[in-house]
Structure formats: structure tokens, C-alpha cells
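The following note is intended for a colleague who is meeting this structure for the first time. Please read the numbered points alongside the sequence and the coordinates.

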Amino acid sequence: MRRALLLVLCVVLSGCSAVPDPAATENADTTMTATPAAPRTTPAIGALFLDGTHFCTASVVHSAPGDLLLTAAHCLHDGEGGQYTTGISFAPGYHDGVAPYGYWDVSDPQVPEGWAESSDPDLDVGFATAHQAGTTKTLESITGANTLLTGGGFAHAITLTGYPDEREAPVVCHGSSAQADTYQMRVACPGFTTGTSGGPWVVGADPVTELGTVVGVIGGYLYGGDDPDTSYSSYFDTDVATLYRKMDARG
């Protein structure tokens with residue numbers, strides 16, 4: 001979501017516990033490259049809507065029930081002292097005011113305890129389910145899905161996709177991720193402004209299906225960063241793996 005006001009409050013109140021360690025950054029791979037890609041939509045990636053306006057990004061990840069979404073925790077839950085957001089819908093492949101696969105109701109949101117209790121930026125990852133009234137098929141059977149990788153390291157050649165609030169089509173970038181802190185990743189990609197939170201970091205995307213393995217989502221440090229040209233992600237570790245297994249076991 002990259003909420004500017006919250007970023008200011010975070011700095012003023014010293015509420016961010018995971019400001020990247022300069023030493024870790026110096027030791028990280030700093031040869032991050034980024035290449036903006038031609039704007040295009042991918043069925044398994046879409047925009048999250050609330051009250052008729054898109055505000056975050058989400059993607060479909062493989063699960064036994066075939067209905068699982070992945071996004072940033074702050075897109076689903078307010079964090080410390082807050083609650084889950086209700087009334088969210090998901091539009092896979094959204095572009096130019098068109099939802100080619102319709103709108104799907106988002107329910108059963110789940111975020112790590114560390115996010116819900118203390119807004120831990122190292123745990124800014126969330127899952128939810130998506131269903132469409134009158135549709136007997138699962139979301140995954142219609143859009144396809146990325147697989148989820150946890151504990152896969154920090155350095156990857158990724159494709160990053162997100163829906164800025166001010167645009168009606170996604171921005172896409174090919175870049176190289178690197179470690180920013182103990183449990184934080186970063187990538188240099190231009191134009192990822194408010195609304196791109198939750199956008200997936202995909203590796204090994206198939207050139208035909210555009211599906212691959214997701215290793216991160218925009219979020220983490222300062223809700224994804226305070227610079228639209230550098231994005232962050234919480235590292236997918238055992239906490240994320242545990243939450244994913246919980247959601248996958250529903251099938």
C-alpha cells in the first residue's frame with residue numbers, strides 16, 4: 001500500500017523495528033539491475049479492490065483447494081492494535097477498467113501473529129481465499145497459479161508486477177533481488193508506487209504461461225519502501241511456510 005502518512009509516523013515514532021542494517025546492506029549484492037518490461041497482464045496476478053477502488057496487488061499461488069491468494073499482510077490487516085479489512089475483492093488480470101475474469105470475493109485472510117500483534121515488518125506477508133458467486137470452478141483452474149518457495153535465499157532474477165493506484169494497468173520489471181537485512185529483500189525497479197504492495201516477485205516464469213515461483217511480495221521495510229524505485233519484501237522463511245501449510249491443508 002505504501003501509505004505515505006504511516007511512513008512518516010513510523011519514522012517520527014520510531015515504530016519500525018527492521019530498518020535495514022547498514023552493515024548488512026554493504027555486504028549485500030549491490031549490483032541490482034532492473035529493466036522495465038512492456039506493460040501486460042498476467043491472469044494469476046491482479047488488483048485488490050475496496051469500495052470500488054484498487055489499493056493493493058495480489059497473486060494466485062498453488063494450493064490443494066485452488067483458491068489461495070498471496071499478498072502483503074498490511075493489505076489484509078492493520079497490524080498492531082488493528083484488525084482485518086473486510087469487503088475486499090480480487091480482479092485477476094485487471095486492466096483499463098476491465099476485469100476479464102470477473103471479481104472474486106476475498107475471505108479468510110490470515111497473517112502471521114508477529115504482524116497482527118506488533119506490525120513486524122519481517123512478517124509482512126498474508127494469504128486469503130477467493131471465491132466467485134455462481135462459479136463452480138476454482139480460481140486456480142481459471143488463472144493458473146505460481147508455486148511458493150520459502151527459504152530460497154535472497155539473490156534471484158525476478159519479474160516484479162504491481163498495480164499503482166494511479167494506473168489502470170500493472171507495471172512490470174525484470175530485476176535482480178538482493179539481501180537488505182536479516183529478513184528483508186530489496187530490488188531496484190522504477191515506478192512501483194502506492195498500490196503495488198503485495199505484488200509478487202516471480203522467478204523462472206514460463207515464457208508462455210508466465211507462471212513461475214514466487215519468492216517475495218512488495219512489503220516489509222516501510223510497507224515496501226519509501227522510494228518508488230526500490231522495493232522491499234519480507235524474506236519467506238519458516239513463519240511463511242507454516243502459514244502457507246495451514247491454508248493449503250484446508251483441501
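What share of the contacts in the protein with a separation of 6 or more comes from residues 24 or more positions apart? Such residues account for 71% of these contacts, a contact being heavy atoms within 4.5 Å.

1. Basis of the note. This is a predicted model, in which local features need pLDDT of at least 70 and side-chain atom pairs count only at pLDDT 80 or more, while totals for chains, interfaces and linings use all residues. Residues are numbered from 1 along each chain as its sequence is written, and side-chain values use heavy atoms, with hydrogens and water left out.

2. Overall content. The protein holds 5 helices and 15 strands; these are DSSP runs numbered from the N terminus, with at least four residues of H or I for a helix and at least two of E for a strand. Of its 251 residues, 52% are buried. Here buried means under 20% relative accessible area, exposed means over 50%, and partly exposed lies in between (1.4 Å probe, protein chains only).

3. The barrel. Six strands form a closed barrel in the order β2-β3-β4-β7-β6-β5, with antiparallel pairing; two strands pair if DSSP finds at least two bridges between them. Neighbouring strands of this sheet are turned by 45 degrees against each other on average, direction ignored. Axes are lines fitted to C-alpha atoms, for helices over the stretch in contact, and angles run from 0 to 180 degrees between N-to-C directions.

4. Helix α5 (residues 238–248) lies across β4, β6 (104–110) and β7. Its direction is at about 20 degrees to that of β7.

5. The largest nonpolar core. A nonpolar core is a set of buried Ala, Val, Leu, Ile, Met, Phe, Trp, Tyr and Cys residues joined through side-chain atoms within 4.5 Å. The largest one has 22 residues, of which L48, V60, L69, F90, V106 and L139 touch the most other members. Two or more residues come from each of β3, β6 and β7, and β3 gives the most, with 4 residues. Leaving aside residues up to four places away in sequence, V106 touches L48, L69, I88, S89, F90, A128 and T129. A second, separate core of 14 residues includes C173, W201, V203 and Y235.

6. The open sheet. Three strands make an open sheet in the order β11-β12-β15, with antiparallel pairing. Because β11 (178–181) and β15 (230–234) stand at the edges with a single partner strand each, one side of each is left without a neighbour in the sheet. On average, neighbouring strands of this sheet are turned by 40 degrees against each other, direction ignored. The antiparallel strands β12 and β15 are joined by 5 bridges, and the bridge partner of Q184 in β15 is S234.

7. The disulfides. A disulfide is a pair of cysteine sulfur atoms within 2.5 Å, and the whole structure contains 2 of them. In one, the sulfur atoms of C56 and C75 are 2.1 Å apart. C56 lies in strand β3 (residues 53–60) and C75 in the loop between β4 and β5 (89–92), so this pair ties together parts 19 residues apart in sequence. The torsion about its S-S bond is about -75 degrees, and the disulfide is therefore left-handed. C56 is buried at 0% relative accessibility, as is C75 at 1%.

8. The other link joins C173 to C189, with an S to S distance of 2.2 Å. Since C173 is in strand β10 (residues 171–176) and C189 in the loop between β12 (184–188) and β13 (200–203), the pair ties together parts 16 residues apart in sequence. This link is also left-handed, with -80 degrees about the S-S bond. C173 is buried at 1% relative accessibility, and C189 is buried at 0%.

9. The salt bridge. The structure holds 1 salt bridge, defined as a side-chain nitrogen of Lys or Arg within 4 Å of a carboxyl oxygen of Asp or Glu. D67 forms it with R250, the closest N and O atoms being 2.9 Å apart. D67 is in the loop between β3 and β4 and R250 in the segment after α5, so that the pair links distant parts of the chain, 183 residues apart.
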